[in-house]
Structures are given as structure tokens and as C-alpha cells.
Amino acid sequence: MTMWNEPCNKNLGTASIGVFILGGFIVLLVYNAEVSWDQVAYSKTGQQVVTETSLSVNTGNKGLISLPSTTRNDDIGRDQQCKPKTNIAFFKIPRAGSHTTVSVLQRFGYEQGQNFVLPKDCPDGDMGFPGGLMYNMLLNQEVDEYNLLVHQTVYDKDEFHQLMAPDTQFITVLREPLSHLRSCFFHFGMDKRTGLVLEKNPLGGYLDHPWVYEYSSLATRAQVTMTKNLQAYVLGWKDRYSQDRRAVRKFISQLDMDFPLVLILEYFDASLVLLKRLMCWTFYNILYDKQHRNQQIYTRPESEYTKQQLWNHRNSSWIDYHLYEHFNRTLWRKIERAGTDFQEELAAFQKLNDEVNSYCSEGATDKRTFPGSKWSEPLDIGPELCGELKRDSEQWDIKICHRAGAYGEMEMQRKETMFTFNKAHPRAQYNIEEVVAKVMKVLPGVDLGAALKKHNVPAAKFIKEMHQHKYSVHTLVQKFLSIEK
């Protein structure tokens, strides 16, 4: 407010000064509360814009825009004499861009000889999702403390603060909720489970009436659904049907205290640079392979969604929206408080990561020295690092579990061979979406779902028969032609 900068010609008494400062403090509290919970922070041109088409990691965030200053103390990494931290717990949210982050942390932990929290059936096995961690799920390791957590589980403050080393930094990554819904909806086969796979726009059909599916007997019996407040669930919120806004504010405030950094997928590179500062790492530690990991291929074109459909989703998954919008703002506060040179550091990292990726994609055979900068010492990088950057998280698991004593050298080699073979020769699968897409290509303009409803053919029964491989593209075309006669 400009009043703070105006010259004051009148001497104020002590009491007046106290009232004046108290009033200003109250105004700031009200302002922050309104910004945190009532403001919808989306715009077509602002730095927080995200859309349903944001399906991959955005690394082109060179021109960052700072938010106005706030009273929060969100400084990260301003101390140039900081001591590197090595203990970190990453809570992996399905379909939120966690795969790349996990690979970065696995490479760091393996190189540093860190003790990972691992499942008993390492590298396969469950780490307590969706039910939560139980100690009998863990691989028995004779270690003094755990330094790194990257496997899928559900956050519980008491459990994990007791499990991890005392100075562990807790982090996660969030994704814009509508983009996250689309990825989950198709990846987990919700279009088939909801009987909407034959619709022209299955997700649009879900968004027309999300409560019909979320309050079905099947959904309410499940501990978690992959389409309603999933991000909040992984971070410890148990009641996805709750309408208690005060409890949700308290929940997010607690996460704010527990998690010194929440990465945002739509601003991934900026998030990584903040992670580097938080952990007092170097650019080398946050290099990553820019080739899409765990990329989802959609067999149908992107659909447009109506305002009502978007509003329906915001109402259905309102906790995830509050969570994302809060930590999106928090990220930009941290960037603003990181100093005027943050954008220079981000640009330097992106340039280095681009150059390393280019070097590796050219089939690196000899070491290359990448020049240093204000932000980084010169780096000597060879083919070995290229292989590590391209290593999938599953491949890292095989090596990490071997080092932890889960199995011997020969078994590790067998697992690595099997992984490489399976990746090169994926099993032929009957993909319902692909079959339906081919049918729709042969029969343009035909609404398969509407055709079934028109002739009282149960969609659920039809999809079940498709699962049983009873139909080829040709037989489906003939069936729909006969239905339409």
C-alpha cells in the first residue's frame, strides 16, 4: 500500500503507532486468507495458466513472472555456504509426472550410497498404496537410518517422520487437476469401468455427471478412486467426499509446514532449480532425460469441455483444486523470494540440460566437458552418465534392490535382461480404445454409445464381450451396421 511510502509530517504517539501497526497486520491477514482460498488464479496470460491439454512436462518456462511480495518467509537456497542435504522423502502421486522426478532421486541416492526404503518383494511389491504403510511390507535391511523414499505409498506424518532420518526433506509433485483427471481416466481404464468407452467423448460423458460414478456402490466401497481428489489422498486426506472446508484448510496448512517444497509439473524445470537450492545440490544432481517417460498415448483427439463440465469437476474434486492452487501460488512465492537472479539460474540449467541431452542423443562415445557458469562448475560427462539419465525408474529399482541385499548378482542380471527384453518386445494386447478408434474411423459420424442405447443394447455387457476378445474391428463394424439398419 502506498501509505507506507508517503512522508509523515505528524508525530504519532506510541498508542497510535501500535493501533496503526495492528490494523495493517489484520489487513495483511485478511488479504492472505482471501488470496489463499477465494481467488481463482487462472488466466490466459498469467504465469499460473494451465489447461486440459497440459499433458507433458513443460520445460519451456524461461520467462517467469513473479507474484507480488507476501509476508511469508519462503526463501530457498539463498545461503551460498549451505551444506548439501542427502535425506529426502518423495511422495509419488500416480500420473502426476512423478516418473522423471523419481529417476532423478534414484540416480542421486545410488551415487551417494543412500539407504532407500524398499518393498519386501523388491523390486516389485507394494509400499502401502492405497491402504497406507505397514512395516511388514518393507525389505528387512540392517541399516541405521533410511535416507530416501521414492516408492508409491500414502503420506502419514507420524509414520514417516519416525521412519526417515531426522533431517529428511519431504517433497512431492502436483499436477493441474483437469489434466491429471484425463491422464488417470484413460490410464486406469475408467472409460471402460464407467461404460463410456464407446462414447465419442468418454471423459466428457463422465464430466456431465461425475457424481453418478463417484457415488456408485462400486466407488463408495473402494478405499480410493483414481478420479476424485486422488492427489489429496496420496498426501494423507482420507475422506474424498468431505465438504468440510475448514478441515481442508487445516490439512493444507499442515502440509505447508511438513513439505518445504512441492513441485508443480507445469513448471517442472523451475521446481527442480528450487529443489537444487533447497538441498544445496548442483546442476549435475538434477539433470534429467527430456525424452517423455511413462508417456500416455491417447487414441482419441483432445476434446473441448463445456463450462458446466469444468465446473462439475471443480465441484467434484474441489480438494485437489484447493491443494494445487495453494501450492502453485506457494511455488511462485518461492521463486519471487529466490532473488532477481533466479531466472538466470533457471536459464543456465535449461541450457546445460538441453546440451547434455543433445550430446547423449547423438550416441556419445567420448567424454565431453561442458563449460561452467556462475551457477555450475565445468562438468565432464561421458557415455556412462547418458546411460544413467536414460535408465527407467524400474531399472534403477533393480540395481538399488541388489545393492540392498534383496538378491545376488546373477538374479540382478536376469532381471535387467528380462526388463530390456520386455521393453523391446511388449506383449500384444487387445486394446479396446484402439479397436473402437478404428471402428469410428470406418464409420465416421456414428455415435457408438448412442447406437447401443437406441437399441437397448447394454453397454456394460458389450464392453465385457470386448474384453473377452469376441469382436475384431471387422465384426464390430458389421454389428453396428446391423444395429443401425
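# Working through the disulfides

The bonded cysteines, counted along the chain, pair up in the pattern 1-3, 2-6, 4-5. The model is a predicted one, and the exercises below take its links in turn.

## Exercise 1: the pairing

Find how many disulfides the chain holds, and name the partners in each.

*Solution.* Start with the cut-off: two cysteine sulfur atoms within 2.5 Å count as a disulfide. By this rule there are 3 disulfides. Now take the pairs. Cys82 is joined to Cys280, with an S to S distance of 2.0 Å. Cys122 is joined to Cys401 at 1.5 Å. Finally, the sulfur atoms of Cys360 and Cys386 lie 2.1 Å apart.

## Exercise 2: the link of Cys82 and Cys280

Work out the handedness of the link between Cys82 and Cys280, then say which parts of the chain the pair ties together.

*Solution.* Look along the S-S bond first: the value about it is 85 degrees, and the link is right-handed. Cys82 sits in the loop between helix H1 (14–37) and strand E1 (88–91), and Cys280 in the loop between helix H11 (268–279) and helix H12 (283–286), so the pair ties together parts 198 residues apart in sequence. Last, check the surroundings. Cys82 has a relative accessible area of 25% and is therefore partly exposed, while Cys280, at 16%, counts as buried.

## Exercise 3: the link of Cys122 and Cys401

Decide whether the link of Cys122 and Cys401 is left-handed or right-handed, and locate both cysteines.

*Solution.* With -60 degrees about the S-S bond, this link is left-handed. The pair connects distant parts of the chain, 279 residues apart: Cys122 is in the loop between helix H2 (98–112) and strand E2 (148–149), and Cys401 is in helix H17 (residues 393–403). For burial, the threshold is under 20% relative accessible area. Cys122 has 7% and is buried; Cys401 has 0% and is buried as well.

## Exercise 4: the link of Cys360 and Cys386

Which helices hold Cys360 and Cys386, and what is the handedness of their disulfide?

*Solution.* Cys360 belongs to helix H15 (residues 342–361) and Cys386 to helix H16 (residues 383–390), so the pair ties together parts 26 residues apart in sequence. The torsion about the S-S bond is about -80 degrees, so the disulfide is left-handed.

Note on methods: Residues are numbered from 1 along each chain as its sequence is written. This is a predicted model: local features need pLDDT of at least 70, side-chain atom pairs count only at pLDDT 80 or more; totals for chains, interfaces and linings use all residues. Side-chain values use heavy atoms; hydrogens and water are left out. Helices (H or I, at least four residues) and strands (E, at least two) are DSSP runs, numbered from the N terminus. Buried means under 20% relative accessible area, exposed over 50%, partly exposed in between (1.4 Å probe, protein chains only).
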